[in-house]
Amino acid sequence: MNENIIAIDGPAGSGKSSVAREIAQRSTYQYFDSGAYYRAVTLYFMKRHEELGGKGKFYDFLNHYEFLNKLNSIQLSATLQKKSENLIFLGQEDVTIEIRHPEVTGNIKYLAPYREVRDFINANLIELARVNRLIMDGRDIGTEVFPDAKFKFFLTADAKIRARRRWDELKEQGIDTDYEKLLEEIQKRDESDQNRKIAPLKQAEDAFLIDTSNLSKNVVINMILSRI
Ligand code: C5P
């Protein structure tokens, strides 16, 4: 049993990141959002697409670029911070802000289903965990990345409530979006995350389930803290 990992999985907007971030602030664990690496890898290929003229759809570009062979040229890294947002880097470039752009969010689904992409990201997540005690959120942290984690939680909530939370979160970051579009995007994302063949979003058998729809952030935090 790995006591150095707290795994928090669940769909977009279930409250994972805000809860995990605050638990990190109140404990010896560092917060890491595994989605940031999915975003960074997607952004890496979007940048290559742009550099090569940006013609055609991103999806078509990916296939013709043979992106799976290029994964090892990606240098992913992160600077973990307690008091502010972690910094995410592609090589020397700080992409912390750019990876949150809705266009990046919309393109992750083309990469996340591939075993090679997931293995590459998982290796980077395991490396981070080698040198840090982590509370990590994602889709498959308790099932695939750290099946031996001692503490596992699965957070969920009604899709409408999750869309509203995501809207608030983006607003805070200065990104204006349309609520209806966000809801549709969340539903589409749930579908692709739950139905992919490799490492789909699902509750680990030994994870503790929390439906956060009608719970305040503090209640959820206390439920988690009392279990660990
Ligand atoms: O957590 P976030 O919403 O930033 O994640 C973005 C996307 O990255 C998810 O919708 C999912 O497709 C992918 N992801 C994943 N496995 C993880 C974390 C994120 O497939 N562990």
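Which order do the strands of the open three-stranded sheet follow, and is their pairing parallel or antiparallel? In this predicted model, the order is β3-β4-β5 and the pairing is antiparallel.

- Strand β4 (residues 87-90) runs antiparallel to β5, and two bridges join them.
- Phe-89 has Asp-94 in β5 as its bridge partner.

**Helix α1**
- In helix α1 (residues 16-25), the buried residues are Lys-16, Ser-17, Val-19, Ala-20, Ile-23 and Ala-24.
- These residues lie on the same side of α1, because the arc they cover around the axis is only 165 degrees.
- The cover over the buried residues of α1 includes the strands β1 (2-9), β2 (30-33), β6 (134-138) and β7 (149-156).
- Helices α7 (159-172) and α9 (217-227) are also included in that cover.

**Ligand site**
- The ligand has 16 residues around it, of which Arg-39, Arg-118, Asp-140, Arg-189 and Asp-193 come nearest.
- Asp-140 places a polar side-chain atom 2.8 Å from a nitrogen atom of the ligand.
- For Ser-34, a polar side-chain atom lies 3.0 Å from a ligand nitrogen atom.
- Asp-193 has a polar side-chain atom 2.7 Å from an oxygen atom of the ligand.

Note on methods:
Residues numbered from 1 in each chain as written. Predicted model: local features only at pLDDT ≥ 70, side-chain atom pairs only at ≥ 80, totals over all residues. Heavy atoms only, no water. Buried < 20%, exposed > 50% of the residue type's maximum accessible area, 1.4 Å probe, protein only. Helix = DSSP H or I, 4+ residues; strand = E, 2+ residues; numbered from the N terminus. Arc of directions from axis to C-beta. Contact = heavy atoms within 4.5 Å. Pairing = 2+ DSSP bridges. Near = heavy atom within 4 Å. Polar contact = N/O pair within 3.5 Å; in protein donor to acceptor, adjacent residues only side chain to side chain.
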